[in-house]
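Welcome! Please have a look at the model below before reading on.

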Amino acid sequence: MLELRHTEVRYGKRTSVSDLSLQVHAGEIVTLVGGNGAGKTTTLKAISGLQPVARGEIWFCGERIDALAPHQILAKGLAHVPEGRMLFKDMSVQAHLELGSVRASAHALSFNDTLAWVFDLFPVLKERSKQLAGTLSGGQQQMLAIARGLMSQPRLLMLDEPSLGLAPIVVDTLADIIRTLHANGLSILLVEQRVDLALQLAQRAYVMESGQVTLSGAAADLARDPQVRQAYLGLSL
Ligand SMILES: Nc1ncnc2c1ncn2[C@@H]1O[C@H](COP(=O)(O)OP(=O)(O)OP(=O)(O)O)[C@@H](O)[C@H]1O
Ligand SMILES: [Mg+2]
């Protein structure tokens, strides 16, 4: 469904991601794991068209997308929930969801049906639909960021650090929502600092270091890998 082939991404002269190849198959949760500055966010930005690709190719559902604008990529069914959520604090929940639906693909459900589906997943957003985003709790803001992404009815959802700054109980709710979305057939590319959780949720994982993939495989295998356990799970060998 999604394939990166030898992708390189630069900020000015500086190469942040190089020779990166990865795939997400239809119906999979794939996680991208790595330390601070490894290039995870940069990779997601390159996929969604927010950062230009200097070399290599990105393909989505049989089409090459690496030269397209972000709104065109979104319209093809690839949504990105950014690190830090990027909400407008003076805009209501409902207005965020309307904005999220602007690039819904032509064969999508109606706005009202999509909204009903999203409210079903996130009842708290329905209760608070008129509230300004800035007045929501951190967990509710993350739910809103995901809900906004879902309003475009993506085929693939990319989540960048969804659990960041959230209380453990909220992280559990979020994990349940990710499982539900996956059970509904959505493909997910997950970047998550809670590596233990990411490896539980995902079927496959890629480990990135200094802008390159250093290890990849079944998530269950990587969770048992001594190198991964030591570097990312805080466990000794
Ligand atoms: N806007 C930018 N301009 C210049 N360099 C950047 C920019 N954003 C990121 N970088 C650099 O690119 C590299 C990869 O950063 P990136 O944010 O992709 O890492 P990350 O894996 O998402 O890290 P984190 O876990 O901290 O979110 C880092 O060296 C970072 O300093
Ligand atoms: Mg990041």
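## About the model

This is a predicted model, in which local features need pLDDT of at least 70, side-chain atom pairs count only at pLDDT 80 or more, and totals for chains, interfaces and linings use all residues. Residues are numbered from 1 along each chain as its sequence is written, while chains are lettered from A and ligands numbered from 1 in the order in which they are written.

## Overall fold

The protein chain holds ten helices and ten strands; these are DSSP runs numbered from the N terminus, with helices (H or I) of at least four residues and strands (E) of at least two. Its C-alpha trace spans about 50 × 40 × 30 Å along the principal axes.

Of the 237 residues, 42% are buried, that is, with 20 or more other C-beta atoms (placed from the backbone) within 10 Å of their own.

## Strand S9 and its neighbours

In strand S9 (residues 204–209), five of the six residues are buried. Strands pair if DSSP finds at least two bridges between them. S9 runs parallel to S3 (residues 29–34), with five bridges; here Val30 is partnered by Arg204. With S10 (residues 212–218), S9 runs antiparallel through six bridges, and Tyr206 has Ser216 as its bridge partner.

Two residues lie between S9 and S10 in their hairpin, where Ser210 takes a positive phi near 45°.

## Around ligand 1

The residues surrounding ligand 1 include Tyr11, Lys40 and Glu83; each such residue has its C-beta atom, placed from the backbone, within 6 Å of the ligand. Helix H1 (residues 40–47) gives the largest share of this shell, three residues.

Definitions and conventions
Buried ≥ 20, exposed ≤ 12 C-beta atoms within 10 Å, placed from the backbone.
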